[in-house]
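Here is a short walk through one protein model. Look at the sequence and the fold before reading on.

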Amino acid sequence: MPENTHPALPTLAFGGDYNPEQWSEDVWREDVRLMREAGATLVSVGIFSWALLETQEGVHDFGWLDRVLDLLHEHGIRVDLATPTVTPPAWFYRAHPDALPVTSEGVRYAFGSRGAICHSNPAYRAAAARITTAVATRYADHPALVMWHVHNEYGAPVSACYCDGCGAHFRRWLAARHGTVEVLNEAWGTAFWGQRYTSYEQIDPPRLTPGVCNPAQQLDYKRFADATMRENFRTERDILHRLTPGVPVTTNFMTALAQCESVDYWAWGREVDVVSNDHYLITDGRRTHVNPAMTADLTRSVAGGAPWLLLEHSTSGVNWQPRNPAKAPGQMARNSLANVARGSEGAMFFQWRQSRRGSEKFHSAMLPHGGTGTRVWREVVRLGADMGALACLKGTRTVADVAMVWDWHSWWAQGAEGQPSVDHDPRERADSFYEVLYDRHLTVDFAHPEADLSAYPLVVVPALYLATESAGSNLRRYVEGGGTLVVSYFSGIVDENDAVHPGPCPGALREVLGLTVEEWSPLLPGDTVRIEGPGGASADADVWSESLVPKGAESVWSYADGPAAGSPAVTRHRSGAGTAWYLSTRLGPRELDTVLRGAFADAGLPPRDDLPHDVEVVRRSGGSGEYLFVLNHSGEPAHVPLPAPGTELLSGGRADDRLTVLPGDVGVVHLDGSRPAG
């Protein structure tokens with residue numbers, strides 16, 4: 001696989017999904033004229049076009065796509081060309097109805113949506129390889145082509161199928177993973193409830209059962225479903241690499257924890273040439289500017305710190321939530337530039353022209369139903385100019401301060417039935433810990449639990465229910481080497497097969513934390529406990545409490561009431577040159593910040609009192625210089641001190657010892673003393 005590369009663009013990517021097949025050809029010329037006016041540099045084409053490109057098996061019609069690509073090239077617009085394999089045509093499903101996926105309840109989905117695919121189906125696999133080969137052969141040398149876009153949003157809306165064909169494929173996958181059926185029996189703990197197998201042929205997918213289905217079987221099936229999608233991606237990618245060497249291949253991820261939990265993006269990040277991501281705001285009443293930052297940090301981390309690409313987001317409201325408010329003036333630019341600050345090589349949207357028909361006709365677009373007289377259009381044009389002014393950022397990297405450990409396999413395992421409390425939510429813990437770091441103006445790298453963590457003064461573990469022995473050893477080495485570790489409750493409990501580690505909890509982490517958990521005491525809805533700390537400080541917590549037994553750790557905060565009254569609630573353990581902190585209850589972001597002040601001090605991370613609340617300050621650095629992004633999400637002007645004077649790139653003005661950014665606005669300073677921008 002080639003190293004991560006990026007579209008051959010002279011500037012940052014700006015544009016969106018372009019679906020000309022929804023419009024008559026007389027609209028196409030208006031589209032490209034307006035793309036030029038908006039400053040668009042790249043569009044994604046052909047994502048949902050299989051039925052138009054292959055009108056019946058083996059019969060192709062490329063004429064319309066030829067004309068579209070030629071027109072885009074004529075006007076200087078580059079193309080991210082899709083393999084249209086996310087939406088097989090109606091004629092395909094008529095011939096191969098078994099390619100439609102089956103739910104765990106045994107219901108087969110019908111044609112008429114998108115992504116309705118059994119990824120184990122041999123007819124689908126063969127047809128996807130054929131159309132990919134045909135498209136790549138046709139456009140291998142087209143001058144507009146700068147990147148391939150395989151499929152679309154793997155895992156959404158369906159990742160797993162439970163049909164008999166998947167059952168056979170699952171058995172083959174299990175044999176390759178576990179070897180003998182005796183090893184599988186041990187891994188799955190099939191002695192429980194008499195589930196022992198004597199042959200792989202006795203194993204089916206984890207379909208609907210009258211009681212709780214084996215959680216280890218469910219975990220392996222999630223791994224299998226993810227691996228099967230990845231097999232299909234690799235097949236298409238390898239065809240494209242063979243026919244168009246040097247053209248990078250991507251597929252659009254959905255790394256936001258609120259949007260796709262069925263994909264192991266650590267594994268997928270190693271398969272693509274360019275990491276790209278789709279992100280949409282979840283308007284759930286929370287501070288909506290925090291999640292774009294978190295998702296961008298996670299996407300950059302999946303890319304190994306390299307520049308990546310925001311391939312889809314929205315200009316304003318979406319259509320698929322119960323309530324879909326419009327973005328406020330300036331919010332689109334802030335969302336876009338927040339991603340650029342955190343490593344994206346551009347900002348792309350779904351979609352270019354707002355659809356008149358279909359389920360997404362109320363989803364916002366760069367060119368709304370109201371046309372060029374709208375606020376959205378004016379903001380799109382301004383953003384296009386701003387993206388052009390930031391071309392010097394290409395190739396620079398975001399500078400991170402701390403790390404957060406996250407693992408999709410642990411999240412999958414945590415989702416099984418039979419847990420101590422349904423109120424414990426790993427995603428909520430990740431969101432809350434991230435919000436604390438965000439409000440301390442710390443830029444976060446995410447890391448796999450077995451990754452090298454030595455570069456970070458602070459590592460936070462918000463939810464690591466599944467922790468391998470290797471992960472436990474890795475975190476112990478990190479602390480002994482001088483790092484500061486913060487671990488939240490119910491972490492380190494089970495191994496890679498969802499089996500509880502031998503001995504007291506927290507299993508793989510008890511040595512680094514210097515304690516054992518005698519008993520969990522989850523709280524009932526509405527119940528809280530009070531914890532007390534240094535100097536008479538106190539905080540209320542909910543959902544969870546534990547009875548801890550220190551084995552070298554010191555108690556920093558203790559339970560004042562509740563089931564664990566008198567027991568340590570927050571501990572600190574010196575180990576080697578570093579310290580490990582443990583939080584045994586659930587605290588909200590404000591309380592977390594109070595409790596973790598000691599951990600921040602251990603890590604040498606004092607509070608940034610000179611930076612305003614709800615103002616992001618993020619650095620990018622590289623061969624072209626040092627850049628400081630300031631994004632003001634607050635309702636007041638932000639006055640941000642600068643480490644050096646420089647040029648504010650969006651206005652062209654000078655900035656000396658501080659930069660003033662108006663409410664809802666963005667500033668980007670190229671700092672003096674580094675290579676000149678441009």
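The paragraphs below take up a helix crossing and then some aromatic contacts.

The model is predicted. Start with helix α6, residues 164-178, and helix α8, residues 215-243. Their axes come within 10 Å and cross at roughly 100°. Angles of 65 to 115 degrees count as roughly perpendicular, so α6 and α8 are roughly perpendicular to each other. On the α6 side, the contact includes Cys-166, Phe-170, Trp-173 and Leu-174. These and other α6 residues meet a set in α8, among them Asp-220, Tyr-221, Phe-224 and Glu-231. By class, the residues of this contact are seven nonpolar, four polar and four charged.

Now turn to the rings. The model has 32 aromatic pairs. One of them joins Trp-188 and Tyr-197. Their ring centres are 6.2 Å apart and their planes stand at 75°, so this pair is edge-to-face. Trp-188 is buried, at 4% relative accessible area. Tyr-197 is buried too, at 15%.

Tyr-465 and Phe-490 make a tilted pair, with 5.2 Å from centre to centre and 35° between the planes. Tyr-465 sits in the loop between β15 and α15, and Phe-490 in the loop between β16 and α16. The pair therefore ties together parts that are 25 residues apart in sequence. Are these two residues buried or exposed? Tyr-465 is buried, with 7% relative accessibility. Phe-490 is buried as well, with 3%.

Rings also form a cluster. Ring pairs link Tyr-154, Phe-233, Phe-253, Tyr-265, Trp-266, Trp-268 and Trp-408. A charged residue meets a ring elsewhere: Arg-353 lies over the face of Trp-23, at 5.2 Å from the ring centre.

Conventions:
Residues are numbered from 1 along each chain as its sequence is written. This is a predicted model: local features need pLDDT of at least 70, side-chain atom pairs count only at pLDDT 80 or more; totals for chains, interfaces and linings use all residues. Side-chain values use heavy atoms; hydrogens and water are left out. Axes are lines fitted to C-alpha atoms, for helices over the stretch in contact, and angles run from 0 to 180 degrees between N-to-C directions. Helices (H or I, at least four residues) and strands (E, at least two) are DSSP runs, numbered from the N terminus. Angles under 35 degrees count as roughly parallel, over 145 as roughly antiparallel, 65 to 115 as roughly perpendicular and the rest as oblique. Contact means heavy atoms within 4.5 Å. Ala, Val, Leu, Ile, Met, Phe, Trp, Tyr, Cys and Pro count as nonpolar, Asp, Glu, Lys and Arg as charged, and the others, Gly among them, as polar. Rings of Phe, Tyr and Trp (its six-membered ring) pair if their centres lie within 6.5 Å; planes under 30 degrees apart count as stacked, over 60 as edge-to-face and the rest as tilted. Buried means under 20% relative accessible area, exposed over 50%, partly exposed in between (1.4 Å probe, protein chains only). A charge sits over a ring if NZ of Lys or CZ of Arg is within 6 Å of the ring centre and within 35 degrees of the ring normal.
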